[in-house]
Amino acid sequence: MSPSSLASAVPVKRLSLATLADLPTDVARPAYDPTGVSPGIVHLGVGAFMRAHLAVYTDDILAAGAHDWGIIGVNPLSSATRLALTPQDGLYTVALRDAAGDRLRVVGSLREVLTAPEDPGLVLARMTASATRIVTLTVSEKGYCQDAATGALDEAHPAIVADLTGDALPRSVPGLLTEAIRRRRAAGLRPFTVLVCDNLSQNGSKAHGIVTRFAALRDPELARFVAESVSFPNTMVDRITPATRDEDRQSISVRLGLVDAWPVVCEPFRQWVIEDRFTAGRPRWEDVGATLVDDVLPFEIMKLRCLNGTHSAMAYIGVVAGLETVAAAFGDPVVARFIAQLWTEDLAPTVPPIPGVDITRYTEELAGRYRNPNIRHLTLQIASDGSQKLSPRLLEPALDRLRAGGSARRIAFAVAAWMRFALGVDDQGLAYDIRDPLAAQLVRTGQSCGRNAVRLAEALFAVTEIFNPELLAREAFRAQVVKDLDQILAVGIRPALSACTRDTSPRGERLIS
């Protein structure tokens, strides 16, 4: 169907509880009555990933008969999701997309959507309700108001300063959590569990430290309560969920025969590993595919390095090379060969053993996911916030390899690719936006150093929020990054990448066969 005919075919009637019965028979819908669901979870950050991951796992739990775990969604800033989904009674479509096309499913676990700045009092009322036993979060690295260098609370952050000095109800995520915990404690209610679902290293522990520190700035006794009585389990989450495009809205609405203002598109694969530390009960997510463990760290390291590390490397290489999506980047044989070597030689050796997990099989599965031609995961989207992603994804495994006496040759090239990305223009001369908490500093550095590899590398090495002094003390690694950056600037990123991959190993080749 052509774009014009597709647009003309978009229906007028809206997806809602009243129109569920109008869905085509090949579209899955809630196997329960959403009006009979009571809320047990408040979620901060109602983005595409949450709606393709947490909400889908919970939808499965509701379908199994646990009707007291509905989700109240709260966006800390934007009202866009509330405006899109409230007229739909919280319903939306998840499109599982692979080479065979889309499988559509309407999800009913999201029972209310709020915007914190519009009514912070109502948000706090939902968080302090006795039925609320878990507060989940997907607010991205920036949402925690953390110091990029230390991961601790940024006490000079404007939102934190405002929450600590003003009379208004808190607006920041640490502020909302702390105030809700304080109110529950004052009311004699059990504390909820804070379950972080953001892609951060030791995400629950990090959030625990941030909220405890914020509480200490308000009341030391409250801080002791947070530290001792509120549980922040660590989690590992995985499902590739690209941003929803207007074409997705149109094509999905045509399939439904109903308008869905904000569907989500994702790959069929999903994974959720959760530390089983809950203070007030939890859904039996393990019955619908989640993994409950005592320690999530080995799984987290595997995912952060093998998936997110190669994603970031592909993103920097892809943007500079003009490869718009992960599928396009991994479809380039030179890029695929490099990623296979990055896995085999630099990243997989740093992953601790995990019972029941074969790391080679895991990376082979990742390769299959990267090849999915219908998941439009933009390299520029993945390349955002590199100043916060680079260390856990690539620099920490590099240091682990070097400490063990190994090589971090492929990681050095990926770091050089990030430095080249910081110039803000690709090899074809097309400019792109750098979206990063340190964007202004990175842009200034790129403009002042230009295409001088030594000056650019040394200026970026000096960004203390990113680079560990112990890693910078490894002169051979630093020299390799500068050498790779100089080659990239001289001949272009793809020829430089090809040169980097010529010493490939048979094991590396296996992963892309």
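Q: Which residues does Arg 478 touch, not counting residues up to four places away in sequence?
A: Keep in mind that this is a predicted model. Arg 478 touches Glu 458, Phe 461 and Leu 472. That list leaves out residues up to four places away in sequence. Arg 478 itself lies in helix 22.

Q: Is Arg 478 buried or exposed?
A: Look at the relative accessibility. Buried means under 20%. Arg 478 has 17%, so Arg 478 counts as buried.

Q: Which helices do the buried residues of helix 23 pack against?
A: Start with the buried residues themselves. In helix 23 (residues 493-500) they are Ile 493, Ala 496, Leu 497, Ser 498 and Cys 500. They pack against helix 12, helix 14 (333-347), helix 18 (409-421) and helix 22 (475-491).

Q: Which residues touch the most other members of the largest nonpolar core?
A: They are Trp 418, Met 419, Phe 467 and Phe 477, in a core of 81 residues. Helix 12 (residues 297-321) gives the largest share of this core, with twelve residues. A second, separate core has 36 residues, including Met 127 and Leu 153.

Q: What is Trp 418 in contact with, leaving aside its neighbours within four places in sequence?
A: Its partners are Tyr 316, Gly 386, Leu 390, Leu 442, Leu 460, Ile 466 and Phe 467.

Q: In which sense does strand 10 pair with strand 8, parallel or antiparallel?
A: Strand 8 and strand 10 pair in the antiparallel sense, over four bridges. Asp 238 stands opposite Gln 271 in strand 10.

Q: And in which sense do strand 10 and strand 11 pair?
A: Strand 10 (residues 271-275) pairs with strand 11 in the parallel sense, over three bridges. Here Val 273 stands opposite Thr 291 in strand 11.

Q: Which way do the residues of strand 8 point?
A: General idea: side chains in a regular strand alternate between the two faces of the sheet. Now the case here. Thr 235 and Val 237 point one way from strand 8. Met 236 and Asp 238 point the other way. All of these are buried.

Note on methods:
Residues numbered from 1 in each chain as written. Predicted model: local features only at pLDDT ≥ 70, side-chain atom pairs only at ≥ 80, totals over all residues. Heavy atoms only, no water. Core = buried A, V, L, I, M, F, W, Y, C linked by side-chain atoms within 4.5 Å. Buried < 20%, exposed > 50% of the residue type's maximum accessible area, 1.4 Å probe, protein only. Helix = DSSP H or I, 4+ residues; strand = E, 2+ residues; numbered from the N terminus. Contact = heavy atoms within 4.5 Å. Pairing = 2+ DSSP bridges.
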